[in-house]
Amino acid sequence: MPREAKAAAIGYGARFAPMGNRMRTLTPLVLCSLAAAQTTWIVDDSGGPGVHFTSLPAAVAAAANGDTLRVAAGTYEAFHVANKALTILGAGASSAVATSTTFITLPVPSGSLGSSLVYIATPPAGMTFRMSGVAIGAAGTGLTLVGGGTSGNVVLSDLRCGSGGNVGLRVDAIEVHASRCNFSGGSGQVPQFPMVFGLPGGSVSGNGRLVADACTFRGGSAGGTGQLGIAGGGDGLVVDGARAWLWRSLLEGGFASSGYNTFGGAGLRVSTGSRVQVFGAAVDLLAGGSTPFQPSTIWTYYGGAAVLTDASSSVVVSGPVTLVGGSSPGGNPGPLTSGPNIVLGQPARPVTTMVGTAAATNGGDLVGSQPVTISLRGSPNQLALLFVHTIPSVLDLPGISDEPLLVDPTAFVVFAGALDGNGVYSFTFTPATQAPILLDVPLHLQGCVFDAASGLWFGSNAEIRRIR
């Protein structure tokens, strides 16, 4: 939805039932559905009543800016699209339950934009391309997102992108927000002898920006090359000439085996003037890839570093993120960090969550007929703000916050005040009965808290959810 249209929607609204003495109104959230006449298309490879398309590429080609494609469980052809901002909602990305999974696995379109199964280029300025509840993968690069100039951004949620022969997620010169996604790099194979390398789970380049919350990036493995070859596992995430903010995420380098020189991939590799901030909880992990060991006077094995940088780049880790060097039994275990400008042990940042009490019905969507709880957790009695918005963007605020806020300028403040004695503000409501206007609207929550010692506001993760 164009930013101008969103701003024009301010003034409509719905009021929640009382939330205690901190009740707030989500007044601006009429949002996308009220901004313009938009069409919802039903896509189902099995056909049937009410189905508009059995082919996903045909539906993408026919849809106009702002349209929504609801894609049923099934197996679909890959698609490439440029200069459009669509919403693609799959049935889910769980590989364990084929009957509730939307797969995009069939061949890359011939004569198209690139080698990726899904390639999304240059959404119009001020607009957002959204995709959720889809499994992309098994052969070819999983997903490539390309921008340039004043192009819009991309929001991904509840995706699974596996890659048989390349990078799971490639971000180039565009701003991308990802939530609860799993990206896996492709594996290197013996025919590439004498050098075999796994591919990264994700890469960000060309001054691109990646904001990832509760995501997994795993590098691909490198198979055996024999006594004369070199094998290297893929990195979990590569940031090259770009920016990244990573919350509550797992990054793991790929395994490598059996080469003259064998290297596990890095969990996070940062280069060419890049800046990365990692914010975590105790379950989060940055891990280097492992290597085996075979006793030999000429073979060498090195586990991957958890974090690796060059001299022009920096990484700052806040909160209890676990760093693990790659194992190499009897060889050379990987270091926790390798390179300058890596700062560990910074104070934890606040965390925002929106959870439901029933199982999701579509990817990570919540059930509108069941209670939904929105929470912001920081430190006891800390001053805090909680935002709700529909178009995420990165705002650099020098002198106000030491990291960007991930909110649109027209975001609405749900809560402003002090957290309780446990460092929590939360409320629970049933969307279908108390705030039906929120149903089927993409919601982005972010909180921030004021740190009295530094005089700065610290931002939290951006929780991305849709309530159905």
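## A tour of charged and aromatic contacts

Begin by selecting arginine 269 and aspartate 235, which form a salt bridge with their closest N and O atoms 2.6 Å apart (a salt bridge being a side-chain nitrogen of Lys or Arg within 4 Å of a carboxyl oxygen of Asp or Glu). This is a predicted model, in which local features need pLDDT of at least 70 and side-chain atom pairs count only at pLDDT 80 or more, whereas totals for chains, interfaces and linings use all residues. Residues are numbered from 1 along each chain as its sequence is written, and side-chain values use heavy atoms, with hydrogens and water left out.

Aspartate 235 counts as buried at 8% relative accessibility, while arginine 269, at 31%, counts as partly exposed (buried means under 20% relative accessible area, exposed over 50%, and partly exposed in between, with a 1.4 Å probe and protein chains only).

Next, select glutamate 463 together with arginine 248, whose side chains meet in a salt bridge at 2.9 Å, N to O. Glutamate 463 belongs to strand β38 (residues 456-466) and arginine 248 to the loop between β20 (243-247) and β21 (250-252), so the two tie together parts that are 215 residues apart in sequence. Which residues belong to the network joined by salt bridges that share partners? Select Asp158, Arg180, Asp213, Arg248, Glu463 and Arg465 to display it.

Now turn to the rings by selecting tryptophan 41 and phenylalanine 53, whose ring centres are 5.6 Å apart with planes at 65°, so the pair is edge-to-face (rings of Phe, Tyr and Trp, the last by its six-membered ring, pair if their centres lie within 6.5 Å, with planes under 30 degrees apart counted as stacked, over 60 as edge-to-face and the rest as tilted). Tryptophan 41 is in strand β1 (residues 40-43) and phenylalanine 53 in the loop between β1 and α3 (56-62), 12 residues apart.

Phenylalanine 450 and tryptophan 457 come next, a tilted pair with 5.4 Å centre to centre and 55° between the planes. Finish with Phe415, Tyr425, Phe427 and Phe429, which form one aromatic cluster.

Conventions:
Helix = DSSP H or I, 4+ residues; strand = E, 2+ residues; numbered from the N terminus.
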